[in-house]
There are 2 protein chains.
Amino acid sequence: MTGRPRTPEFDRIAEAFGWSRDPALPGDDAALLPGGRLLCCDALAEGAHFRLDWSGPADVGWKAVAANVADILAMGGVPDAAVWSIGMGREWDDRVFLEMCRGAREACEAFGCSLVGGDTVRCDGSGFASLSLLGTLAVERPWKRSDARVGDILCAAGSLGLSAAGWAALRSGRAEHPSAREPVSRHRRPMPPVEAALRLRELPVGACIDISDGLSSEAAHIATASGVRLVVERELLEIPPDLSAIGDLLGLDPMDWILHGGEEHSLLLTLPADRELPEGVRRIGRVESGAGVVLQADSGLIPLRLEGWVHR
Amino acid sequence: MTGRPRTPEFDRIAEAFGWSRDPALPGDDAALLPGGRLLCCDALAEGAHFRLDWSGPADVGWKAVAANVADILAMGGVPDAAVWSIGMGREWDDRVFLEMCRGAREACEAFGCSLVGGDTVRCDGSGFASLSLLGTLAVERPWKRSDARVGDILCAAGSLGLSAAGWAALRSGRAEHPSAREPVSRHRRPMPPVEAALRLRELPVGACIDISDGLSSEAAHIATASGVRLVVERELLEIPPDLSAIGDLLGLDPMDWILHGGEEHSLLLTLPADRELPEGVRRIGRVESGAGVVLQADSGLIPLRLEGWVHR
């Protein structure tokens, strides 16, 4: 598995927080508040989510913003204002702090929101960055995991597998290889598909989710929440030249990154089959009756995720 | 010093985030957003801000909410909805997580807001809780640090020194002594003065700030931001029986806790001198021309904080 788990306790959180009890809270990528406001929160822990020798502190700041922007986009929203806490790791100096702030500001500029406040604390050991983002719903009804319908097509907006490939290159010490440049850069600075999300607002999007833990596990969330089976069609999954090259270099199958790679922060969504797809959105499969997620390959249907599967 | 520094990098943050450049951002306890929304963020790091042998996990959840509620109250706002990240410390088990959620939910109920979402991450070492709170401005103009006027009176809403006394009792291994009960309980579960803040909304509050790092240092923030001198009058500072008793027990001067104790999450504010004070708000000094913070005692004026002093 190339994807590293980000929120292994999701179901426990929902239960412990009592979210399912309140119908106003979709339990999706962001919470929907009265007045069409959206609020979400994503933390990056040193060691688990970043290493300062693999990503510069400015990249960590960028990623903290990008991960939350993807959550807001996945609900059909636009990002407005962020606050964050920086947990200063024991070894971090001022430069780490200032660089992290710089990267977060750059991401806010790129994605059209502002960083308006924060808090710093000193940690005993490794550090963290925890960012919360307030957004505004930009569509009539929020896009939820539970709204995939049989007959819909399954689509992706944004890249797939690049972050995981970059991570693999870093882990193998091959980050300097020319073919690793783009994947490593995307691992350090993910690019949620802001423009494509803007175009999608004109369409009757069914389900939508941020790909933070991998296409296969996000698809499983949609399948479970919507009560459908998702078929990912292998022949629709293009392998970009960069991914092929880095896969050859490392002796790994790039399709694993595309199917299971995390921290990409692209969008997985469903649309009625008769719609023309806007720029930046491509079909990668279909929605059928049934349960779970399968890959339709030359050899037949391969189960990717079973119904009720909990990612960990 | 009994107060433990919470945000030692405040000025660096403001600079690094570029807050001072945007006049819409007061750089106060919470950021003011368009539409009268307030957004703030406060993190608690294990080791630096809590020890699970001194506070139960439910208390930590409570404190994460309370600290942010105080920030919203200090701007003249009401708290609405919170999201948080929990950084699961290496040694934490499920019970820690569930208890922390329970405490946060109890605090939300007590203070009139809701916990609507969150994220968990696994940390390599010690854990953290980082909470963000969205609020709504409930007064015409936000209460800011910079609005103390010469001739105003200085007031406090909520308790003073209890949390620091409780912390001292815990540190000395005397938490089981009867006189330590209330201070320890308040250290574990601070009580921002929600009712008093509600009453204050009817009055022309000048400056206001959350007492998170200690009365003396918060007063210094107001004095510096407003360009005035604050005189804290010793004879107006009542020492509650609990504080006297625990001071006697530990051989410490309770006035140190009142003046410098942190994590109380009460409010320090200024009001015109001619107003009748509402229940829960008491006068503790006055605003003069000049700079810094002084204590007016029997022996004369004692400097508490100098102009331009930066707490660390």
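This is a guided tour of a predicted model with the chains A and B, moving from one selection to the next.

**Before you start**

Residues are numbered from 1 along each chain as its sequence is written, and chains are lettered from A, with ligands numbered from 1, in the order in which they are written. Since the model is predicted, local features need pLDDT of at least 70 and side-chain atom pairs count only at pLDDT 80 or more, while totals for chains, interfaces and linings use all residues, and side-chain values use heavy atoms, with hydrogens and water left out.

**Stop 1: chain A as a whole**

Select chain A and colour it by secondary structure, where you will find 9 helices and 12 strands; helices (H or I, at least four residues) and strands (E, at least two) are DSSP runs, numbered from the N terminus. Chain A has 312 residues, and 62% of them count as buried, a word that here means under 20% relative accessible area, with exposed meaning over 50% and partly exposed lying in between (1.4 Å probe, protein chains only). If you look at contacts (heavy atoms within 4.5 Å) in chain A between residues at least 6 apart in sequence, 83% of them join residues at least 24 apart.

**Stop 2: salt bridges in chain A**

A salt bridge is a side-chain nitrogen of Lys or Arg within 4 Å of a carboxyl oxygen of Asp or Glu, and a search of the whole structure finds 30 of them over all chains. Select Asp59(A) and Arg189(A), whose side chains meet in a salt bridge at 2.8 Å, N to O. Asp59(A) lies in helix H2 (residues 57-73) of chain A and Arg189(A) in the loop between helix H5 (181-188) and helix H6 (194-200), so this pair ties together parts that are 130 residues apart in sequence. Asp59(A) counts as buried, at 13% relative accessibility.

**Stop 3: where the two chains meet**

Now show both chains and select the residues in contact, of which 51 come from chain B and 51 from chain A. The chains bury about 4,300 Å² between them, 61% of it on carbon and sulfur atoms; buried area is the accessible area (1.4 Å probe) that two parts lose on being put together, summed over both. Across this interface the rule finds 0 salt bridges, while 6 residue pairs, both residues at pLDDT 80 or more, are in polar contact. A polar contact is a pair of N or O atoms within 3.5 Å; within protein, one must be able to donate a hydrogen and the other to accept it, and residues adjacent in sequence count only if both atoms are side-chain atoms.

On the side of chain B that touches chain A, several elements each supply at least two residues, among them helix H1 (10-17), strand E3 (77-88) and helix H3 (94-111). E4(B) gives the most to this side, with 8 residues. The residues of this side divide into 28 nonpolar, 11 polar and 12 charged, where Ala, Val, Leu, Ile, Met, Phe, Trp, Tyr, Cys and Pro count as nonpolar, Asp, Glu, Lys and Arg as charged, and the others, Gly among them, as polar.

**Stop 4: a glycine in chain B**

Select Gly87(B), which is found in strand E3 of chain B and is buried, with a relative accessible area of 0%. Leaving out residues up to four places away in sequence, Gly87(B) touches Trp92(B), Val121(B), Cys123(B), Gly127(B) and Phe128(B).

**Stop 5: a salt bridge in chain B**

Finally, select Arg275(B) and Asp274(B), which form a salt bridge with the closest N and O atoms 3.6 Å apart. Arg275(B) counts as partly exposed at 39% relative accessibility, whereas Asp274(B) is exposed, with a relative accessible area of 63%.
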